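Morning, everyone. Please have the viewer open while I talk.

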Amino acid sequence: MIRVVLPSHLKKHASINGEVTVEIEGPATQRALLDALEKTYPILRGTIRDQGTQKRRPFLRFFACQRDLSHDAPDALLPDDVVRGTQPFLIVGAIAGG
Amino acid sequence: MTSVRLLVGTRKGAFVLTADGSRKNWDVSGPHFAGWEIYHLKGSPADPNRIYASQSSGWFGQQIQRSDDGGKTWNAVDNTFAYDGVPGTHQWYDGTPHPWEFKRVWHIEPSLTDPDMVYAGVEDAALFQSKDGGKSWAELAGLRGHGSGPHWQPGAGGMCLHTILLDPKDPQRMFIAISAAGAFRTDDGGATWRPINRGLRSEFMPDPTAEVGHCVHRLAMHPTRPEVLYMQKHWDVMRSDDAGNSWREVSGNLPTDFGFVIDVHAHEPETIYVVPIKSDAEHFPVDGQLQVWRSKTGGNDWEALTNGLPQSNCYVNVLRDAMCVDTLDSCGVYFGTTGGQVYGSADAGETWSTIVRDLPAVLSVEVQTLT
């Protein structure tokens, strides 16, 4: 059971309160996590990664276990603490403003 | 009982403004989709309760929302806008080839007769069509596939397809406009397109009268006379009497012929409205005076309409999709500003009142006349 924290705009968009959890079958990778998330919440398709290229949208970042995982390969394994559910996978909107 | 419903898209959400036929007291609901950019909302002429909205974000991309109850509740429909085939390239600002990349939906145009049929004009410029109420979208690739496509170039706001006019007399004919490629027309339902820019002159181009490359800001037509088109170009207000085959300038005595919006009175096809903006370098009204200018002669002879509009220290802009007219007997005219004001006139522009004053920057204003 992997815990995912979404930015507030996406929580509201998908009518989500608090964290969401997803189950992954097979290797626990970013790609598998996002596939599972979009399967549970189809309304999130295209909001986190581009629907055509499947690349992370440029103004979003992926953090977990005090690390920036944004530039990890989509098929790299997630940290053990994320896979065990002791740490959440954070999807963060880049800060903007001035 | 007759009423009107304004659909207002802003930088930070959508607002629905309603009033009875007197258009004196307004109810404001919103923000819908708070925090998202709402480039455009528009209701179906065939079913006024069916409203489509373009919801976008630099962070989270594009969504299309649909309401089936007049804007009370909304549901996201499909947001997949995939260019047909290999997208190819257009010109970038520096003249180098740049791949076509979808960025957002600028304008939504529901069919005149079928609530499930709707068109979307997007950046990078292309035209999409849905036949199932927004559940799926397909590109009408003949437009982008026009031989001039590789030479199209973005305007300062991006290479956007921002205007879609459907001909009420000929279902196979529609007009679109792209900044900064120009205006195009199809006579076969979108399969093939031709540029309709003869008579336009744009000094920023190497060839000022070239077939494509003009920064058209907005087109307008009267539904009873679709062969007559009006255009607010980057500079110049233009008119065509032959469905865009040729254009002539009708800027006349306007204080400046730069601007974004243009619209036509609901019952007087020769009465048109613009909001002059000082220049492309200074996107605000001349001398801080917000003025709608009206021509009752289809252009050339213009009069300023100022009663109720700020006539000092006003430095807002009025963007290309932010003016509309209702179809009540006394034609209502509405526009929104980048300062967050929405102004309305229930007497064809003679007098104006502020409907709402402090919204986020207004990107678009559409009106539905409900009976």
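I'll go through a sheet, the cores and the chain contact. Keep in mind that this is a predicted model.

Start with the sheet. Four strands of chain B form an open sheet, in the order 22-23-24-25. The pairing is antiparallel. Which strands stand at the edges? Strand 22, residues 259-264, and strand 25, residues 303-305, both of chain B. Each has a single partner strand, so one side of each is left without a neighbour in the sheet. On average, neighbouring strands of this sheet are turned by 30° against each other, direction ignored.

Now one pair from that sheet. Strand 22 of chain B runs antiparallel to strand 23 of chain B, residues 272-276, and four bridges join the two. Look at B:Gly259.

Next, the cores. The largest nonpolar core has 105 residues. Which of them touch the most other members? They are B:Val8, B:Ile176, B:Leu219, B:Met323, B:Tyr334, B:Val342 and B:Val365. Take B:Ile176. Neighbours within four places in sequence aside, B:Ile176 is in contact with B:Gly121, B:Leu127, B:Leu143, B:Leu161, B:Thr163, B:Ile164 and B:Phe184. Another core, of 19 residues, lies apart from the largest one. Its members include A:Leu33, A:Leu34, A:Val82 and B:Phe60.

Last, the contact between the chains. How many residues of chain B are in contact with chain A? There are 11, and they meet 11 residues of chain A. On the chain B side, four are nonpolar and seven are polar. Charged residues there: none.

Key: Residues numbered from 1 in each chain as written. Chains lettered and ligands numbered in written order. Predicted model: local features only at pLDDT ≥ 70, side-chain atom pairs only at ≥ 80, totals over all residues. Pairing = 2+ DSSP bridges. Axes fitted to C-alpha atoms, helices over the stretch in contact; angles between N-to-C directions. Core = buried A, V, L, I, M, F, W, Y, C linked by C-beta atoms within 7 Å. Buried ≥ 20, exposed ≤ 12 C-beta atoms within 10 Å, placed from the backbone. Contact = placed C-beta atoms within 7 Å. Nonpolar A, V, L, I, M, F, W, Y, C, P; charged D, E, K, R; others polar.
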